[in-house]
Amino acid sequence: MAWRSLVLLASLLPFAAARAETPRPTVIVIDSSGSMSAAIGGVPRLDAARGVLGEMLARWPGAAPVGLVAYGHRRSGDCGDIEVLSPIGPPDTAALGRRLATLRARGKTPLAASLQQAAGMLRAAGGGGTIILVTDGIETCHPDPCAVAAALRAADAALSVHVIGFAVEAKDEQQLSCIASAGGGAYRTAADADSLLATLDSAARAATAPEPAPARAEPPPAEASAPPVEAPAPVEVPEPVKAARVSVVAVIPGEGPVSDLAIDWRVAGGEGPEPFRYEGRTSLVELTVPAGRYAIEAAVGNVAAHRDVELSGEAARIEVPLAAGRLKAQAVPYKGAEPIGEGLRWTLTPLDGQAAVEVPAVARPALLLAAGRYRLAVEHQGRRSDQEVTVAAGHPLDLALSLRLGELKLSAALAEDGEPLTDWRGLAWRALAPDGTTAAEAVQEAAPLFVLPTGRYRVELAVAGTAVLRDVEIEEGAQREARIVVPTGSRILAAALGPGAEPLTDWRDTSWTVTAVDAIGIAQGTALMQDQPIANPTVPLLPGRWHIAVKSGVATAERDIVVAPDTEETVRLDLQAGRLGVSASPEEGAAAPMNIVFEFHPVAADGSPGPAAFAGGSSRSLEAILPAGRWHVSAVADDSRRAEAMVDLAAGDEKLLEMTLTQGK
């Protein structure tokens with residue numbers, strides 16, 4: 001099977017299990033990066049790794065402590081995706097199998113950070129031990145994993161790092177070989193499973209076999225006596241350099257050790273032909289170092305510290321003081337309010353020459369800062385607050401920056417003591433800052449709620465092309481209610497037969513309909529007047545758009561109007577019609593009829609009359625208002641006498657048509 005290709009891992013077991021009464025611990029680091037999804041022999045590389053690890057750990061000696069670390073299996077693009085699958089201890093095959101089954105090939109390849117994680121586990125177990133790194137590629141996060149391996153080896157000479165390159169490209173082997181060499185271990189490749197299967201079995205037996213006893217030497221054969229040889233002068237052996245375990249920790253005066261932050265450390269110095277160097281990021285540094293003079297540097301955020309120490313080769317704890325203080329911050333809408341939980345953008349400006357610091361966009365940032373003055377600012381939804389702060393060593397600060405906001409609840413009514421309008425149509429609100437800029441706005445809302453910084457504002461309600469204004473004052477943490485009174489407008493309605501004609505003044509001549517189109521406080525289509533016969537009505541109207549229609553006889557006219565608050569105007573509609581009076585008389589000497597039916601037919605362009613537009617009865621005469629144009633008028637008496645005529649009406653005309661009733665016509 002393809003997964004057998006990783007059996008080479010077992011060939012390194014002699015490095016991991018020293019044949020002593022108490023074997024040294026081993027940490028195995030397994031690659032679960034995205035490239036492990038590639039197939040080898042028809043099987044994903046990660047599946048192959050899982051199979052080999054499971055089989056190998058099932059045969060792992062129970063007395064040999066082992067731990068397991070994986071990287072890249074939970075998140076893509078995250079260099080910190082490193083997890084301890086099993087702490088150092090006797091192997092639990094079932095539990096390890098369940099953890100291995102959860103691995104998915106997803107992320108990056110943080111080799112350096114994974115080695116640091118494994119080294120930390122071995123350090124906690126007493127130091128020394130072996131790291132076995134299984135990877136199918138080179139580092140994708142740290143610039144120099146080889147230097148990290150060298151630093152780990154320098155910090156603990158009893159530590160060794162072995163690397164297995166699993167199906168790696170030739171161009172990548174140089175870096176992996178360097179990691180193994182710098183870590184005091186060996187580098188091997190695994191590309192062919194079948195040729196390495198036997199190696200797994202032999203390596204497993206070698207890991208558990210006792211140290212072979214030295215062979216008994218046969219006594220040398222007797223030799224002839226030889227003349228005595230003068231013994232060489234004794235050689236002076238130098239005293240070994242003393243080394244001891246040293247802990248290094250950063251402390252804040254008045255607060256104590258910094259244990260919650262990762263600090264960048266550099267330790268250099270020592271005696272001997274090769275100087276000691278260590279670089280790493282952790283809260284507490286534990287090193288086995290020879291005696292000598294050392295320079296220790298610590299850096300975190302914009303804080304840096306340096307200390308020179310003389311080590312005698314005895315165990316010691318070195319404290320590096322940081323001239324720094326802690327700053328926690330949160331933002332509130334106003335004093336006493338609950339903190340804002342999201343959407344914050346923080347900036348921190350040093351005022352005394354300190355290095356710049358980037359503040360994370362979180363609800364409650366916590367920073368360790370170099371002592372000095374800063375200006376802390378926060379922004380949220382266009383609102384900003386800032387404050388100058390002084391950071392002192394050992395004096396933590398916990399700040400709540402207030403955006404100094406208040407609330408403005410708006411409503412509109414037709415009178416100061418009237419009910420607020422609930423219909424939002426036609427309403428557009430703005431709150432204007434003193435410089436005239438728009439601080440907040442709302443459209444098509446009857447009662448908007450604005451959240452504004454403290455100060456004075458001018459509220460504008462735009463309706464029907466005009467604006468109603470009111471000044472308001474916003475106080476921190478308070479809600480201000482403001483009502484805008486919207487006065488009505490009035491319109492005097494008038495109808496005339498045509499341009500230049502006098503308005504109609506007889507209530508019998510006009511019938512009015514007034515309907516809301518888009519007016520505030522009233523639903524669309526609501527009719528204030530419906531076919532109401534009145535000559536020249538004066539109508540109070542809410543601001544907005546209205547439809548006005550008038551009917552006179554069979555003539556009609558209509559138009560939309562816009563009513564602004566507190567205005568009065570006359571609206572005139574021209575009917576484009578004429579008034580026609582008709583009479584029908586009997587011939588001279590004939591008796592007058594009792595009733596005559598008059599009909600008015602519009603004449604088409606080809607001269608043919610259309611259906612009757614209006615008909616009415618009278619004993620002799622009738623009057624009608626008709627749209628301008630040519631009309632055919634007929635009169636039929638109750639005794640069948642008839643009369644008819646053609647007449648042309650222009651807009652504004654007032655004509656009288658006289659006809660004579662004759663028999664048979």
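1. Contact here means heavy atoms within 4.5 Å. The structure is a predicted model, in which local features need pLDDT of at least 70 and side-chain atom pairs count only at pLDDT 80 or more, while totals for chains, interfaces and linings use all residues. Residues are numbered from 1 along each chain as its sequence is written, and side-chain values use heavy atoms, with hydrogens and water left out.

2. Overall composition. The protein chain has seven helices and 43 strands; helices (H or I, at least four residues) and strands (E, at least two) are DSSP runs, numbered from the N terminus. Of its 665 residues, 44% count as buried, where buried means under 20% relative accessible area, exposed over 50%, and partly exposed in between (1.4 Å probe, protein chains only). When contacts between residues at least 6 apart in sequence are considered, 63% join residues at least 24 apart.

3. Helices α2 and α3. The axes of helix α2 (residues 45–58) and helix α3 (residues 93–101) come within 10 Å and cross at roughly 170°. Axes are lines fitted to C-alpha atoms, for helices over the stretch in contact, and angles run from 0 to 180 degrees between N-to-C directions. The two helices, α2 and α3, are therefore roughly antiparallel to each other; angles under 35 degrees count as roughly parallel, over 145 as roughly antiparallel, 65 to 115 as roughly perpendicular and the rest as oblique. On the α2 side the contact involves Arg50, Leu53, Gly54, Leu57 and Ala58, which meet Thr93, Leu96, Leu100 and Ala101 of α3. The residues of this contact of α2 with α3 divide into six nonpolar, two polar and one charged. In this classification Ala, Val, Leu, Ile, Met, Phe, Trp, Tyr, Cys and Pro count as nonpolar, Asp, Glu, Lys and Arg as charged, and the others, Gly among them, as polar.

4. Helices α5 and α6. Helix α5 (residues 145–155) and helix α6 (residues 173–182) have axes that come within 8 Å and cross at roughly 10°. Helices α5 and α6 are therefore roughly parallel to each other. Pro145, Cys146, Ala149, Ala150 and Arg153 of α5 make the contact with Gln175, Cys178, Ile179 and Ala182 of α6. For the contact of α5 with α6, the division is seven nonpolar, one polar and one charged.

5. The antiparallel sheet. Three strands form an open sheet in the order β18-β20-β21, with antiparallel pairing; two strands pair if DSSP finds at least two bridges between them. Strands β18 (345–350) and β21 (383–391) are the edge strands, each pairing on one side only. From one strand to the next the twist averages 20°. Strand β20 (residues 372–380) is joined to β21 by nine bridges, and the two run antiparallel. Tyr374 has Val389 in β21 as its bridge partner.

6. The mixed sheet. Another open sheet has three strands in the order β19-β17-β22, and its pairing is mixed. Its edge strands are β19 (366–370) and β22 (397–402), each of which pairs on one side only. Here the twist averages 35° from one strand to the next. Strand β17 (residues 324–332) pairs with β22 in the parallel sense over six bridges, and Ala329 stands opposite Leu399 in β22.

7. A hairpin. Strand β24 (residues 428–432) and strand β25 (residues 438–443) pair in the antiparallel sense over five bridges. Ala428 stands opposite Val443 in β25. The hairpin of β24 and β25 has five residues between the strands, and Gly436 takes a positive phi near 90°.

8. An aromatic pair. Rings of Phe, Tyr and Trp (its six-membered ring) pair if their centres lie within 6.5 Å; planes under 30 degrees apart count as stacked, over 60 as edge-to-face and the rest as tilted. The count by this rule comes to one aromatic pair. The ring centres of Phe600 and Phe614 are 5.6 Å apart and the planes lie at 35°, so the pair is tilted. The pair links distant parts of the chain, with Phe600 in strand β38 (residues 596–602) and Phe614 in strand β39 (residues 614–618), 14 residues apart. Phe600 counts as buried at 0% relative accessibility, whereas Phe614, with a relative accessible area of 29%, is partly exposed.

9. Arg579. This residue, Arg579, lies in strand β37 (residues 577–586). Is Arg579 buried or exposed? At 13% relative accessibility, Arg579 counts as buried. Leaving aside neighbours within four places in sequence, Arg579 is in contact with residues including Asp509, Glu623, Asp653, Glu654 and Lys655, as well as Leu497, Leu504 and Leu649.
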